[in-house]
Amino acid sequence: MRSNDVCISERDSIIGPQAADCAEPSVTRAGDQTIVTIECGAGDRRVVESLLFTGDFKSWYRAQSKISSGGKRSGFSIDAKFLGSGCSP
């Protein structure tokens, strides 16, 4: 388990930059959950990542990721919370 302190502004996206061969992310809301699906590449090089976001996004959020590529699966989870407003721009 790793912990990092990171400054995030309102201009930052919770979804990082995408490669040129990625489709526009699909965003679905279900109650208090947001599901983002990103598909990149084609054929054997196709990668599908689904991210499930929960939280109020003011004091905390959780991101759970599932990644499928070439029959392999992986994923990660992020738990984030507001630590304070003392970040430098």
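How much accessible surface does the chain have, and what share of that surface belongs to carbon and sulfur atoms? The accessible surface comes to about 7,400 Å². Carbon and sulfur atoms account for 49% of that area.

## Overall build

This is a predicted model. The chain has 89 residues. Its secondary structure consists of five strands and zero helices. Read from the N terminus, the elements follow the order β-β-β-β-β. The C-alpha trace spans about 45 × 30 × 30 Å along its principal axes.

## Burial and contacts

Of the 89 residues, 15% count as buried. Contacts across the sequence can also be sorted by separation. Take those in the chain between residues at least 6 apart in sequence. Among these, 9% join residues at least 24 apart.

## Charge

How many positive and negative side chains does the chain have? There are 11 positive side chains and 11 negative ones. The centres of the two sets lie 5 Å apart.

## The disulfide

A search of the whole structure turns up one disulfide. The partners are C22 and C40, and their sulfur atoms lie 1.8 Å apart. This pair links distant parts of the chain. C22 sits in the segment before β1, the strand covering residues 26–30. C40 belongs to strand β2, which covers residues 33–40. In general, a disulfide is a covalent bond that joins the sulfur atoms of two cysteines.

Why is the disulfide of C22 and C40 right-handed? The torsion about its S-S bond is about 100°, so the disulfide is right-handed.

Are the two cysteines buried or exposed? The cut-off for buried is under 20% relative accessible area. C22 has a relative accessibility of 17%, so C22 counts as buried. C40 has a relative accessible area of 15%, so C40 is buried too.

Which residues is T34 in contact with, leaving aside its neighbours within four places in sequence? The list is V27, T28, R29, L51, L52 and F53.

Definitions and conventions. Residues are numbered from 1 along each chain as its sequence is written. This is a predicted model: local features need pLDDT of at least 70, side-chain atom pairs count only at pLDDT 80 or more; totals for chains, interfaces and linings use all residues. Side-chain values use heavy atoms; hydrogens and water are left out. A disulfide is a pair of cysteine sulfur atoms within 2.5 Å. Helices (H or I, at least four residues) and strands (E, at least two) are DSSP runs, numbered from the N terminus. Buried means under 20% relative accessible area, exposed over 50%, partly exposed in between (1.4 Å probe, protein chains only). Contact means heavy atoms within 4.5 Å. Accessible areas come from the Shrake-Rupley method with a 1.4 Å probe; for residues, only the protein chains shown count as cover. Lys and Arg count as positive and Asp and Glu as negative; His and the chain ends are not counted. The place of a charge is taken as NZ of Lys, CZ of Arg, CG of Asp or CD of Glu.
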